[in-house]
Amino acid sequence: AGDGGGGDSSTCPPGMVPVPADDPDFCIDAYEASIEDGLPVSVAGVMPAEGVSFDEARELCASVHAVTAEGEDLGPMWLATLPQWTDAADGVVGDGGSSYPYGDTWRDDACATPTADGTVVLESEVETGSFPECVSAFGVYDQVGNVWEWADPEIDADADGWLDARAAEGREFAFTHDGWMQLVGGTVDGLTLQVAGLGGPFPTVDGDGFILVSHDDLQVDDPDFAYKGFFTPEDMGEARGDDFLPVQVDVTTDLDGFHPVVFLPEEDGAAVTAKVGCAWYTGNETGCRLTSVYLFHTHDFDGSISFRCASPPLR
């Protein structure tokens, strides 16, 4: 999207590169997105956009249309899907590909990342394209390190499906009129709370079956922070909508040092997000692999995360 950056101008919009290079399936931003005059652009030498929610990233990408040199409008661009983002990074369309954009062996100096053991060496994020060797075989930069990025896994949370799937495992849940979750059959073994700001993701069940979180596991020192996320199986395999139950920790209710977990029916059917690429301030040799995908931020979370747009080829 926008001006500058790599890419064949006859094949892709400005700032984008084709994937694959010959007879491309799609085009993707060569650089982490920045925003100029309210529109996303892909250019080198600028600070990437941050504080953009998944919803906003989708809207920003859709605000730009792919237009051929002859003036044919091919329709709006979109937030790169998770398979598209991964293919652009690992150098192979479909299965296979490298562990990192530059190959299979971790390099401390290739991208804007911590070291292999997680030691932070940078003081902040850097301008796009600052690490010229942090580039994929398709010419896409900074997909490891610098800032996290959104990608679209094309999954929507499915509360009824979640309850049915848990029932098939011998678990039964109920909800109070306030939405508090209550276990009435089975256990919570193998289930985990994936909630932003929450440490120790395995929940507690009290004597009445209510699902609780210890106050000691709240990690954000901000009274207005919304501890929202999902109740999920610990091991999901290939993620589906029925793996995600939207929940929130009710920090306004204190039960002797514990807080209830509340179902959020208004978030049923909402988009599940993917956060990819790790960042300058967090990650390591394992956590920064291109297969390291975090699916647990809500669609309205607006942390230090950027994005890339994708579009159809122009010919």
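1. Strand β10 (residues 181–185) is mostly covered, with 4 of its 5 residues buried. Buried here means under 20% relative accessible area, exposed means over 50%, and partly exposed lies in between (1.4 Å probe, protein chains only). Strands (E, at least two residues) and helices (H or I, at least four) are DSSP runs, numbered from the N terminus. The model is a predicted one, in which local features need pLDDT of at least 70 and side-chain atom pairs count only at pLDDT 80 or more, while totals for chains, interfaces and linings use all residues. Residues are numbered from 1 along each chain as its sequence is written, and side-chain values use heavy atoms, with hydrogens and water left out.

2. Two strands are taken to pair if DSSP finds at least two bridges between them. Ala174 has Gln182 in β10 as its bridge partner. Between the two strands of this hairpin are 5 residues, and Gly179 takes a positive phi near 90°.

3. The pairing of β17 with β18 is antiparallel and rests on 2 bridges. Within this sheet, Tyr294 in β18 is the residue opposite Lys275.

4. Another open sheet of 4 strands has antiparallel pairing and the order β1-β2-β20-β7. Its edge strands, β1 (16–19) and β7 (78–79), each pair on one side only. β7 is antiparallel to β20, with 2 bridges between them. Cys309 in β20 stands opposite Leu79.

5. In one of them, the side chains of Arg308 and Glu149 meet at 2.7 Å, N to O. This pair links distant parts of the chain, 159 residues apart: Arg308 is in the loop between β19 and β20 (309–311), and Glu149 is in strand β8 (residues 148–156). Arg308 counts as buried because its relative accessible area is 0%. Glu149 is likewise classed as buried, at 0% relative accessibility.

6. Asp109 and Arg107 form a salt bridge in which the closest N and O atoms are 3.3 Å apart. Asp109 is exposed, at 52% relative accessibility, whereas Arg107 is partly exposed, at 28%. Both residues belong to a network of salt bridges that also includes Glu133.

7. Glu169 and Arg171 also meet through their side chains in a salt bridge, at 2.8 Å from N to O.

8. Helix α2 (residues 82–90) is largely enclosed by the rest of the structure, because 8 of its 9 residues are buried. The buried residues include Trp85, together with the acidic Asp87 and Asp90. Gly91 follows α2 and has a positive phi, near 85°.

9. A negative surface patch is formed by Asp156, Asp158, Asp160, Asp164 and Asp268. Patches are made of residues with over 30% relative accessible area and no salt bridge, with like charges joined within 9 Å and nonpolar side chains (Val, Leu, Ile, Met, Phe, Trp, Tyr) within 5 Å. Asp and Glu count as negative and Lys and Arg as positive, with His and the chain ends not counted. The place of a charge is taken as CG of Asp, CD of Glu, NZ of Lys or CZ of Arg. Accessible areas come from the Shrake-Rupley method with a 1.4 Å probe, and for residues only the protein chains shown count as cover. Asp268 lies in the loop between β16 (258–263) and β17 (271–276), and is partly exposed at 35% relative accessibility.

10. Leu39 is located in strand β4 (residues 39–41). With a relative accessible area of 38%, Leu39 is partly exposed. Its C-alpha atom is separated by 7.2 Å from that of Ser63, a residue 24 positions away along the chain.

Definitions and conventions:
A salt bridge is a side-chain nitrogen of Lys or Arg within 4 Å of a carboxyl oxygen of Asp or Glu.
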